[in-house]
Amino acid sequence: MTILGGVCLWLAFLVGIWGALAGFVGGLQGRPDLQHSARHAVFAMCGALLVAVFSLEWALFQHDFNVEYVAAYTSRNLPIFYTWSALYAGQKGSLLFWATVLSLFGSLALLLTARRHRELLPYVAGVVCTVATFFISVMLFGQANPFHRLAYTPLDGNGLNPQLQNPGMVFHPPMLYLGYISITIPFAFAMAALISKRLDVDWLVAIRKWTLLSWLFLSIGICLGMWWAYVELGWGGYWAWDPVENASLLPWLTMTAFLHSVMIQEKRGMLKKWNLALIIGSWLLSIFGTFITRSGVISSVHSFTQSSVGYFFLFFLIAAAVASFAVYASRLPLLTAEARLESMVSREASFLFNNLLFVGIAFSVLWGTLFPILSELVQGTKVTVGPPFFNQVNIPLGLALLGLTGIGPLIAWRRASLPNLRRQFAVPVTAGVFTVLVLLVGGMRDLYAVMAIGLGGFVTATVVQEFGRGAGARHRQYGEAYPLALGRLLARNRRRYGGYIVHVGIVILFIAFAGMAFKTETEATLRPGEAATLRSPYGWTYRFTHLGVSQYDALNRQVTAAALEIERNGKRLGVLTTEKRQHVDGLGRPTFQPSTEVGIRSDLREDLYVVLAGLVNGTEQAVFRFTINPLVWWVWYGGMIVALGGLIVMWPGGGSPAVKRTQAGYAVRLVEDVKA
Amino acid sequence: MTRGHDGTFPVSRREFLALGALGLLGVSGNVPSWRRVPPQAQDSLPGTGPSGKLWDPSRAGRPFEPVRAADNDAAIQAIEKQIHCTCGCNLDVYTCRTTDFTCGTSPAMHRRVVALAEQGKTAQEILAAFVKQNGVSILMAPPKRGFNLAGYFVPSLVILIAGAILTLVLRRWSRAARPPTPSRVSSLSSAVAASPEELERLRRELDQLSS
Amino acid sequence: MLELVAGVLFATGVVWFVLRPIFRPALTGGAIGDAGDVDDGEDPEDDLSPRAVALRALKEIEFDRATGKLSDTDYDELKGKYTAAAVAALRTEMGNAGSGMRDAAASQTHPVSRIPQPACPMHGPRPEPAAVFCSECGRRLGAAPGYCARCGTVLEREAKYCHSCGARVAA
């Protein structure tokens, strides 16, 4: 099937070039035939790429090891789900996956966009075709063709990297890719609006929805990535400020900033230039992330093998940045604000500072990621910029942002006055101060942790107060019972109250991050029957008794498993196993270095995290690392709540007109007030 | 993920899907690895007593040394967390040696740290010794001097300056947007000099909005 | 071999699909996006015309006062301001409508909205055959020549798009 796949790649490439030309020329000259052709080109490219994906999957499932990609990433004994996910496990396959998903998103955008945006669509088709064609051209001309065949046929393939053989790895990359890729759609709309000079407010609606979708995918992808790193990599953490992790965080930060500042544009017609710049910047940062992942310019644990592909991306990144900002600059005079800020103390102003912090954090992360290169250029010495640097710079900024999460919602749009502010802030500030006092009395002395949890209390109280007062207002105005009022409040103002739910998720994440300050760990060598003890931050004593080591064969690996009995304060909790896995191919030949499978016991308060480091002199005497990670579970919960809030915000549609009319009690009074 | 001890097919399809779904929800942690088994015999392999020989030691990676006191020494760990492992892993020495057990570089660097510490050197001297041999890039974070200061302070500085500019601009905007009209409230009725029909229409329009 | 044939056939099909609009423009209708496109204008938040923005602002001011965020002084001031803005927006639309009617009567070259039946932007097609305003909400119906089919704003001469809401106008 690789011939068909190769034909489809070339077909998609040529169709993509045609689509880009037809889209831009058709749009500029107003030729409907070309515009239609561009639209069809996106659909056709999507079809051709889907056939290409199908043929690669076919080769993977047929174990056609004559195909280099199949031999490099699968083996006969690889479980089928990992065989499927091998599609995006390697550089070449993930490029194909990327281009395919982009053309799919592009087709959806063309199909689902409302009629009134149709003036923009030829340019959208053009931008999508351009970007997808670039990815295809990397495959075709950057020695990254996934259908490349070897001169011989190996008996069995290399198999998938053991670290990728984890359910988290089946879902994490596609989610992250979906996030990265879907940014292209808002970018395409932004470019379309700029090129066509249709810079009224309407394009904003299309962009906002796609950005939200992209933001949601990226959030889920980042959380899944943290989860995967935690359960699979075995260092007991989930975020290490690795350049590739940073690359996924950067567009997330700028998109979050956009999702806030876009409200100002919708309500006040301000910040048009800024919002467009944020969208273009987010897209460029996503391409920058791809460049980092694939070039090997910056050392990272995630990198694909170094290849010339990096130069393609660097060139594309620079060309795209120059082109998009040139168009942007030429349209600046058309992007004037329609209103002015009414007060320094207003939601608008707080959103501007929120944007400052989001973009500031993005800048500092980018700065830290690129600083090794900068240092080499300027002072000629290589430096390493690791977690200590990022923590030092970003923790204070993150905490400031968390504070704003609580402050912003308390300030009214447009303007606020002191007595009202006092009334709004009383309860949340009290809650925050109270939390801090409780922590201090409880003996917590870690400054950042106390601040994070204290601010968490403040923000939570803010959100609760917002829901409470909102429901109260509805109760008074419409006489709705409180539960109904609460439900309607959320259902009728999904964007506002869904956003608050996201805030709750963020608070939980920050508190969980703070828990990592109290991580404790120890290493021990144990013979069967011997035990190690470790004190948890909650004051409990855990006792780990080594029961013994067993060795057995599994489908595609040889397992050496150590079992430990765990007691907490003398009470038996159960048995935990941790493994060494030597992966083998279908002929029983070892494929990768032995990998470690972590034993994890989670509960709401802390995780026990046990790693089998190795065995002494081929006996059952084993070296273990025991770690207690407080509150890790809450990272996953926080991530889920963020995703849930995002879904609520995205949920489409308004109520029926009849229902709306019955809810308009105060609106009527409002106008009569004025009349009187 | 799965700790199936059946030895034949470690991940059944249903189990995998269930795990995947759980993983997607982020609730994996305690599901697969935690089984309540009744207290029973220590070892399932026949013929191996306490500290028995492994059937095939080569499957378990390189042989390990027993842990020494220095391995758990917090002071040494603190030093190692500031040293970049040179194996290409992009981690610090401590994290690498306790995570990547196939790495030969980080244990060697660990031994060097321990040896230097046993010579009575302070943390600063140990770090200096590493810098002397490997250059500044051996440190996880660049030392705070010279151009590196830019690395630390440019982001904060940029944010502070941008914040100051933003404050000034906002103040100017809000001042410009608020003409000095003290009797604003009294001018309300004149500002809204709308005919009853218009207000009626406005009322209807407001009805249309969902609340 | 079979695969190559399949590939060539597929490629031919794709090329035909892409180039068809150029050689047979009649088959695909006038402008891009006519076939099968959905209209997502039902979400009231998506309406960003000055009128809708001012109305939403009024609602929000009311709600912010109800939840205690806005002081009464600020509330009165903002309410006056945004009521005035809303009335002004309404008046512009109505005023435009009035003058537009005269324009339409004077000249036959004025653009004609593409929706054939008289239809209200909020309440859909009206039963009354010659209706100019919606019998439910009083909005100008879209079918009238010279008015935007979506928001009812009067259109400029030779306009291809509504200058208020951006909706496309039939040639």
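The model is predicted: local features need pLDDT of at least 70 and side-chain atom pairs count only at pLDDT 80 or more, while totals for chains, interfaces and linings use all residues. Residues are numbered from 1 along each chain as its sequence is written, chains are lettered from A and ligands numbered from 1 in the order in which they are written, and side-chain values use heavy atoms, with hydrogens and water left out.

**Overall form**
- Chain A has 21 helices and nine strands, taken as DSSP runs (H or I, at least four residues, for helices; E, at least two, for strands).
- Its C-alpha atoms fill a box of roughly 90 × 70 × 60 Å along the principal axes.

**Domains**
- Chain A is divided into domain 1 (1-162), domain 2 (413-517 + 637-675) and domain 3 (519-634), with bounds from an automatic or database domain assignment.

**Domain 1 and domain 3 of chain A**
- Their C-alpha centres lie 42 Å apart.
- Domain 1 gives 12 residues to the contact and domain 3 gives 11 (heavy atoms within 4.5 Å).
- The two domains bury about 880 Å² between them, 61% of it on carbon and sulfur atoms (accessible area, 1.4 Å probe, lost on being put together, summed over both).
- On the side of domain 1 that touches domain 3, five residues are nonpolar, six polar and one charged (Ala, Val, Leu, Ile, Met, Phe, Trp, Tyr, Cys and Pro count as nonpolar, Asp, Glu, Lys and Arg as charged, the others, Gly among them, as polar).
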